[in-house]
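Please open the model in your viewer and keep the sequence beside it.

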Amino acid sequence: MSFAKEPRKGFRPVLGRRRGALLPTVVVLIALVLVVLLLSEIWTDVLWFRHLGYTGVYRTRLFTQVGLFVVGGLIMAGGVLASLLIAYRTRPIYAPASTEQASLDRYRESMEPLRRFVVVALPAFVGLFAAWPASQEWRTFLLWWNRSSFGTKDPQFHLDLGFYVFTLPWLQFLVGFVTSVVFVSGLVAVVTHYLYGGLRLQSEGQRMTSAARVHLASIAALFLVLRGLDSWIGMYALTTRQSTLITGLTYTDARAVVTARAVLAVISVIVAALFIVAAFSDGWRMVPLYGVALLVVSAIVVGQIYPAIVQRFQVTPSAQQLEAPYIQRNITATRDAYGISGLEVTRYAARTQATPDALRNDAATIPGIRLIDPALISPTFRQLEQNKPYYYFADSLDVDRYDIDGKTRDTVIAVRELNLDDAPDSQRNWYNDHVVYTHGFGVVAAYGNTRTWDGKPVFFQSGIPSPGALGGFEPRVYYGEQ
């Protein structure tokens, strides 16, 4: 026979504490809101493209974006996960005894219950952040995927022009994306090795285990190879670079920058090889640091100082002569692009019938005695006639002649255009941008050969509204020089 013990007076059994449902509920609600917003945007686009009869076009774009999102996210998450697992599995079994490691024991103990969660959540979180920028490169991917040949080669590298239009932008994106994957994976590896004792900053002896050295050196080598590849690709990107002079290579680019980028690419690969050698040889541990220092110095001297010297002391004194072939390349390419390279040029020999009194009659209006310089007066126009911050005058104004009061007058004239970039941020919203701020207003004109006692121009057409000697006209400016 067995007897059950009576519970002690006042004793209450301790039940397991229930986890609150507030946080999961909030997370689920936020996810649902984001999904609904995304689906509503997609459905709106579907209706729009269906109305235009281009549903297939939108389908191609959408599938491409989804594919890039998934692939980009998986590549980033996979790189981070692989680096995290390698660092954890190659950790030392017993962390060395030191003050630094003693302080890290607490973090290791607190992280251990969450280790499995972190191993899954961290790569997934980083992958989602990388997936969105990858999905926005759908145009670049589709251009590369549907690439074709132009049948014409560029004069510098002798590559088909289709390479620069279709392939080069995609290569630049791939190199940049993979570089970011390697960089983030390297950061994760450094933190993990440091947390579990594979990397020590305050140790008097060996600061890194062999496994950690191989792991981190391999990531550093891969990063340097990618930077070298970026320098090499950047050499071809000079062909489409926009400069103050032309679009494409200038003399300095062709003679200095191309060489500098090629040299930096080779040095990056050599330093990457030094990291690999040092990973498996204790005697070469410090050599990669010297290589990195050489790479930094080379980037400054070869990449910056050398092109600046060529530009300053070789090109600037003889710019007209040295830049002529590259300007001609730009002109030829422009004519080919617009299909006017085969036009026949016929010189027009103008003949005028001038009388001895022509100069005397035009003395008051010829540009040679203009008092108002159209290249310098723009700030004055802005100060006196801009009226609103979102209006704009061109940096160099125009010159014309108008019959005013029966007299032909030399005129400096400008259109009061719209420039939303200078509008106050408090007024920038969808309604104002698309309904209110839609056009400039009026013209401002001043006599070219007249000024006030304090040097200001004399306007004969100004203000809002724009009354003046030019008569009535439609003042709203929807398309201006800008």
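Which residues form a nonpolar patch on the surface? In this predicted model, select V66, F69, V70, V71, L74, I75, L128 and W132, which make up that patch and together have about 760 Å² of accessible area. Colouring by element shows that α2 (55-89) and α4 (115-135) are the elements that give two or more residues to the patch, and that α2 supplies the largest share, with six residues.

Stay on helix α2, where both V66 and Q65 are found. Is Q65 buried or exposed? Q65 counts as buried because its relative accessible area of 15% falls under the 20% cut-off, whereas V66, at 44% relative accessibility, is partly exposed. If you now show what surrounds Q65, leaving aside its neighbours within four places in sequence, you will find that Q65 is in contact with S135, Q136 and W138.

Select the four strands that form an open sheet, in the order β2-β3-β6-β7 and with antiparallel pairing; its edge strands are β2 (398-404) and β7 (457-461), each of which pairs on one side only. Neighbouring strands here are turned by 45 degrees against each other on average, with direction ignored. Looking at the pair formed by β6 (residues 443-451) and β7, you will find that three bridges join these antiparallel strands, and that A445 has Q461 of β7 as its bridge partner.

The last stops concern the backbone. Most residues other than glycine have a negative phi, and most peptide bonds are trans. Select N387, in the loop between α13 and β1 (391-392), where phi is positive at about 70 degrees although the residue is not a glycine; N387 is partly exposed, at 47% relative accessibility. Then go to H158, in the loop between α5 (138-145) and α6 (161-195), which also has a positive phi, near 60 degrees, and which counts as exposed because its relative accessibility is 53%. Finally, centre on P465, in the loop between β7 and β8 (476-477), where the peptide bond from I464 to P465 is cis, with omega near -5 degrees.

Methods:
Residues are numbered from 1 along each chain as its sequence is written. This is a predicted model: local features need pLDDT of at least 70, side-chain atom pairs count only at pLDDT 80 or more; totals for chains, interfaces and linings use all residues. Side-chain values use heavy atoms; hydrogens and water are left out. Two strands pair if DSSP finds at least two bridges between them. Axes are lines fitted to C-alpha atoms, for helices over the stretch in contact, and angles run from 0 to 180 degrees between N-to-C directions. Patches are made of residues with over 30% relative accessible area and no salt bridge: like charges are joined within 9 Å, nonpolar side chains (Val, Leu, Ile, Met, Phe, Trp, Tyr) within 5 Å. Accessible areas come from the Shrake-Rupley method with a 1.4 Å probe; for residues, only the protein chains shown count as cover. A salt bridge is a side-chain nitrogen of Lys or Arg within 4 Å of a carboxyl oxygen of Asp or Glu. Buried means under 20% relative accessible area, exposed over 50%, partly exposed in between (1.4 Å probe, protein chains only). Contact means heavy atoms within 4.5 Å.
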